[in-house]
Each structure stands twice: as C-alpha cells, then as structure tokens.
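Here are my notes on the model, as numbered points. Please read them with the structure open.

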Amino acid sequence: GEHIQYALYDVEIISIKRTQSGRWFGFNVTLKIFPFERGHLYVGADTLTLEVNPTGIRITSYIHEEYK
C-alpha cells in the first residue's frame, strides 16, 4: 500500500486535561490529524488520545473516520 503521512500544520489539539498534580504530572491529550497519501490526497481524519506522564506516552484511544 501507499505510505500514509500527515502534516504537523494540520494537527488540531482538541483538549488537554491534567490527570495528576503535585510532584508528578500527567495529562490526557486529544488530537485530530488528517492523514494523506501521495499528493495530499486526504484519506480521512484520525482522533487520538494520548496519556502523557513521567514514564512515557501511551495511545489510549484511536478512531479513524474515512472520507466518503
């Protein structure tokens, strides 16, 4: 198949929520990206939720919506 790409200027930050406070920090970050292939032929929209904390980053949710 084709290589799927996305452009950083197309990323939308939907929300950032702090999940921990005090000496530790944690955030849930929800982003929407618009993947494309070849010459910017968009294939849909992806919504990702990331859990960010001192031990790393983990994808907790991924939803792909195809363009019709």
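1. Surface patch. Tyr9, Tyr42 and Tyr67 make a nonpolar surface patch of about 380 Å². Patches are built from residues with over 30% relative accessible area and no salt bridge; like charges are joined within 9 Å, nonpolar side chains (Val, Leu, Ile, Met, Phe, Trp, Tyr) within 5 Å. Areas come from the Shrake-Rupley method with a 1.4 Å probe, and for residues only the protein chains shown count as cover. Tyr9 sits in the segment before strand S1 (12–20). Strands (E, at least two residues) are DSSP runs, numbered from the N terminus. Tyr9 is exposed, at 64% relative accessibility. The classes are buried under 20%, exposed over 50% and partly exposed in between (1.4 Å probe, protein chains only).

2. Basis. This is a predicted model: local features need pLDDT of at least 70, side-chain atom pairs count only at pLDDT 80 or more, and totals for chains, interfaces and linings use all residues. Residues are numbered from 1 along each chain as its sequence is written, and side-chain values use heavy atoms, with hydrogens and water left out.

3. Aromatic pairs. How many aromatic pairs does a search of the whole structure find? It finds two. Rings of Phe, Tyr and Trp (its six-membered ring) pair if their centres lie within 6.5 Å; planes under 30 degrees apart are stacked, over 60 edge-to-face, and the rest tilted. Phe25 and Phe27 have ring centres 6.0 Å apart and planes at 45°, so this pair is tilted. Phe25 is partly exposed at 35%, and Phe27 is partly exposed at 25%. For Phe36 and Tyr42 the centres are 5.8 Å apart and the planes stand at 70°, so that pair is edge-to-face. Phe36 is buried, with 5% relative accessibility. Tyr42 is partly exposed at 35%, and this residue also belongs to the patch in point 1.

4. Strand pairing. Two strands pair if DSSP finds at least two bridges between them. S1 and strand S2 (residues 26–33) are antiparallel, over seven bridges. Ser15 faces Thr30 in S2. The two strands form a hairpin with five residues between them. In the turn, Gly22 has a positive phi of about 85°. S2 also runs antiparallel to S5, again with seven bridges. There, Ile33 stands opposite Asp46 in S5.

5. Thr47. This residue lies in strand S5 (residues 44–53). Is Thr47 buried or exposed? Thr47 is buried, because its relative accessible area is 16%, below the 20% limit. Its contacts (heavy atoms within 4.5 Å) include Thr30, Leu31 and Lys32, as well as Ser61, Tyr62 and Ile63, leaving aside residues up to four places away in sequence.

6. Salt bridges. There are two in the structure. The criterion is a side-chain nitrogen of Lys or Arg within 4 Å of a carboxyl oxygen of Asp or Glu. Arg38 and Glu37 form one, at 3.3 Å from N to O. Arg38 is exposed at 51%, whereas Glu37 is buried at 17%. Glu51 and Arg58 form another, with the closest N and O atoms 3.3 Å apart. Glu51 is partly exposed at 26%; Arg58 is partly exposed at 48%.

7. Gly56. This glycine lies in strand S6 (residues 56–66). Gly56 is partly exposed, with a relative accessible area of 30%. Its C-alpha is separated by 15 Å from that of Arg18, 38 residues apart along the chain.

How values were computed: Helix = DSSP H or I, 4+ residues; strand = E, 2+ residues; numbered from the N terminus.
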